[in-house]
Amino acid sequence: MSTAVTLRTELRDLYLTESTRIQQEFVASGNGLAAIAQRTELVEKILLRLWRELIDSGDAKNFSLVALGGFGRRALFPHSDVDILFLHADRTSEDALRDPIRAFCQELWDLRMKLGPTTRTVAECDQFDPQNVEFTISLLDCRYLIGDRDLYLRLHDKVLPKFFLREGNYIIQQLAEVTRSRHAKYGNTVFHLEPNVKEAPGGLRDYNVAGWLALLSAMDKERTWPAPESFLADSARKSFAPAHEFLSSVRTFLHYRQGRDDNMLAWESQDEAAERHIGVKGSGTGDAAAWMRVYFRHARALHYECLRLLESVPAARSSLYRHFQSFRSRLSNVDFSVVDGAVFLHQPSALRDPDLLFRIFSFAAHHGLKLALSTESRIQQILPAILESPPSGPESWRYLQAVLLEAHAADALRAMHSLGLLTILLPELKLIDSLVVRDFYHRFTVDEHSFLAIECLHRARHSNSEWDQRYGRLLEELERPELLYLALLLHDVGKGVPTTNHVLSSIEIANQSMDRLTLSPEDRDTVTFLIASHLEISSVLRRDIYDPATIQGFTDKMGTPERLKMLCLLTYADIKAVNPEALTPWKAENVWQLYIAAANCMSRTADQRLHADTENDESVARLQALAAKSGKNVNAFFEGLPKRYLRTYRPEEVMQHLRMAENLSRDPVQLHLERGRHWFELTLVTRDRPFLFANVAGALAAWGMNIVKADAFSNSFGVVVDTFFFTDRFRTLELNLPEWARFQRSIADVLNGEADLERMLHDRTRSESREHAKIKIQTQIEFDDECSATSTLVQVIAQDRLGLLHRVCSRFSYQQCNIEIALIDTEGQMAIDVFYLTSDGAKLSSARQQELKADLEEELRPA
């Protein structure tokens, strides 16, 4: 027998050499299944060698070594755990072998192997532990390694079948609930920007869950272990095999790339995987977006099959839910039966009738139902016949309208898409099937984004949010909402073709679609208008929406009130479907304000200067009356303020500003901080001075705050009212109320020149780890002298970074520019900031614009 040192050296050399060889072969072939099978074989070889050296060199009795989990499935990924079971007949062998087992495990740990050992007797394996369901499920993949084979067969062939028959229903219930919770954690969608290839919906965990559910179901029917090829349907096996092969290669690639059990498919990993053609046969293009499209197709197929099996497992629901399901069963009619929220066919053979086929989905969309597994299987069987003789254009539009108008249209559309029916009605959607937009702003694939936008509109009516309800009520006013839904389905199809302007491509493709659907000229014009204008409101929001010229120009483009309503709703849904954080409350408010302003054809006087002595304005009169009661004179304060100031602030806020202005003689920097529902609001009243706006922005950045918007106003006497709205990234103010005073004192010290702002920013930058930008944003600086009568507009698009607003506004001050209005916005890692600037009370000259542009480009040049 070898000495312990010699054995350890031999095994370490073997493990290192063979692991390196396996990795090199994977790099050359990209075959993940081969790599995990070879690693399983290598680990098994080492375990058997150690067993014979340390535990038993002959025929062991009453003791076996059993592989569990991924090891049992022969699917050991490069850095995944090695789960093993030391199986004993009784406590006698367990006590006798305690020291050899400890030495056995220690040798494996010394090899840097992630070992997960478990010790059980056969009797203990027959006891269900609700606190350790994972161990019970791992027994489904148990595999004999070495030791007493008869003992293992007693467990496998006699104990476990009876155990799973006895506890199977509860195990299935627990497995289903855990899986549903996991899916909910990931938003119940496979379409994540950076998915987890193991845990996310459509990941390898779904593959395993589907196998376990099918195995337990088959075992319940056959009363023993079923043949591996018998417990999964042929349709499931056809989609499982390529998906499993692809995801196994991707996970293997990630483990080798990261050097650990890291299953997050981050942007950088996507780029490298696409370049190396991981999981795809042939050379391909090496394009990451195209490669991710393959990923999503496999993940969607796998997730779909997992959901099919999950639907057969009733969730643990309240009696109210069961009563509701019972009520829904009464929805059955001559064509369909409804059982537990699923739609069954009375006569599956009748499904060849296209009217009945597509009526299933309008029925499901109306009542919020899902199709039963048998119904979906029948649809898959007749799909070739539908493809041979698809519905005519008018029929397709009729079928689409019947679904689009229903409350649960999005779920029905997703089901139609998964089954291949939606692209029969709208072949153009093939262009965006599982298409990824790699801008770190869109969270979902293009097709899922369109479905989610439709879902947002239907849900708005019943939302708890006041803003959503406003849009929901507006939706009810539309005469032809189906045209809006069609525009949402088609508004991004142009992203599926190589183009520099996806809007123009979307219009062209949509026109081809509407030709086939034979829409009337009026309906075509409406849909075309919505697609052509679907970015218009976002563009206008980067201008001063209180400027009457801006509102008039926007209103002129709308043409009719109906189109204005439709575009407002499309914009709301389009932004909300980008990602959960895209439609911030202030952005929803601005969209609504723009809609109201355009609908009312807003007065042209909104951005003129106030003259309090001569002003015939109801708001001014009301405020003058309030001020008179409190003994305050508002005329001097109002003189020269933009009229938009009164549209921005409530009367009580204006009175607060007036009180702060009167206190400037005692303290030259007046600050007021309050916490709103979604952000903090810092109001500053002080005398105007160079670098004022820039220094406040810098101080906020130095405190780790993220500015989401800002307002800047000044009157004829140089009194400034600036308001900054920001989120507290590190919850400094939220969790530490005493910090509020120190925070405001710090801002005041910066403005009074008593604090070193550059040092504060340097300390903040040093304390934060510098994250690599996932997408590079090219700096763009644009000037516009036409959109305002008194100011020059400058739009700065740049890579979002710490202190960006401070740096930009500092350059304005160096160039002796005054900020009249600031509109701050961020999309993913792209900052889109718009400023209305003046210099010496007038627009910027052409020469000053060129100097400022060069100055900004130099300041924002990447280091």
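Modeller: Glu 25 and Arg 21 lie four residues apart in helix H1 (residues 4–29), and are therefore separated by about one helical turn; helices here are DSSP runs of H or I with at least four residues, numbered from the N terminus. The two side chains form a salt bridge, with the closest N and O atoms 2.8 Å apart. A salt bridge is defined as a side-chain nitrogen of Lys or Arg within 4 Å of a carboxyl oxygen of Asp or Glu. The model is predicted, so local features need pLDDT of at least 70 and side-chain atom pairs count only at pLDDT 80 or more, whereas totals for chains, interfaces and linings use all residues. Residues are numbered from 1 along each chain as its sequence is written, and side-chain values use heavy atoms, with hydrogens and water left out.

Glu 25 is partly exposed at 35% relative accessible area, and Arg 21 is partly exposed at 30%. Buried means under 20% relative accessible area, exposed over 50%, and partly exposed in between (1.4 Å probe, protein chains only).

In helix H34 (residues 739–751), Arg 745 and Asp 749 are likewise four residues apart, about one helical turn. Their salt bridge spans 3.3 Å from N to O. Arg 745 is partly exposed at 41%, whereas Asp 749 is buried at 18%. Elsewhere, salt bridges with shared partners join Asp 411, Arg 414, Glu 448, Glu 455 and Arg 459 into one network.

Asp 492 pairs with Lys 495 in a salt bridge whose closest N and O atoms are 3.5 Å apart. Asp 492 is buried at 3%, while Lys 495 is partly exposed at 23%. The structure holds 50 salt bridges.

Methods. Helix = DSSP H or I, 4+ residues; strand = E, 2+ residues; numbered from the N terminus.
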